Amino acid sequence: MAEVEIKARHNGPYRVQGPIRLIDADGNEYDLGEQGEVIALCRCGGSTTKPFCDGTHSKIGFQAAERAVRESEEDDPAGSHAPTEG
């Protein structure tokens, strides 16, 4: 099976590439055309073509927190692989 990649675009949509099925809350499947075709999914909430992106994010000044969050040293000063006592 081909690999699927979902990439958060800087202050923009989720870019989805690969063979996927997209199903709405009622269980209806969206027609996505060719399997593996790139689609963009809205994450700003302003699109008039939800769940697909229509470019509204750039008109409304959408600011995303798209960076993956990693555990910091402050949150785990001993390190995540520190031995436990007891």
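**Salt bridges and cysteines**

Q: Why is the contact between R15 and E5 called a salt bridge?

A: In this predicted model, the side chains of R15 and E5 come to 3.9 Å, N to O. The cut-off is 4 Å between a side-chain nitrogen of Lys or Arg and a carboxyl oxygen of Asp or Glu, so the label applies.

Q: What does the pair of R15 and E5 tie together?

A: R15 lies in strand 2 (residues 14-17) and E5 in strand 1 (residues 5-8), so the pair joins parts that are 10 residues apart in sequence.

Q: What makes R21 and E29 a salt bridge?

A: Their closest N and O atoms are 3.3 Å apart, and the limit is 4 Å. The structure holds 2 salt bridges.

Q: Why is R21 called exposed?

A: R21 has 58% relative accessibility, and exposed means over 50%.

Q: How do you know how many disulfides the structure holds?

A: The count is 0 disulfides. C44 is in none, as the nearest cysteine sulfur, that of C42, is 3.9 Å away, and a disulfide needs two sulfur atoms within 2.5 Å.

Q: Is C53 buried, partly exposed or exposed, and what makes it so?

A: C53 has 24% relative accessibility and so counts as partly exposed; buried would mean under 20%.

Conventions: Residues numbered from 1 in each chain as written. Predicted model: local features only at pLDDT ≥ 70, side-chain atom pairs only at ≥ 80, totals over all residues. Heavy atoms only, no water. Buried < 20%, exposed > 50% of the residue type's maximum accessible area, 1.4 Å probe, protein only. Helix = DSSP H or I, 4+ residues; strand = E, 2+ residues; numbered from the N terminus.
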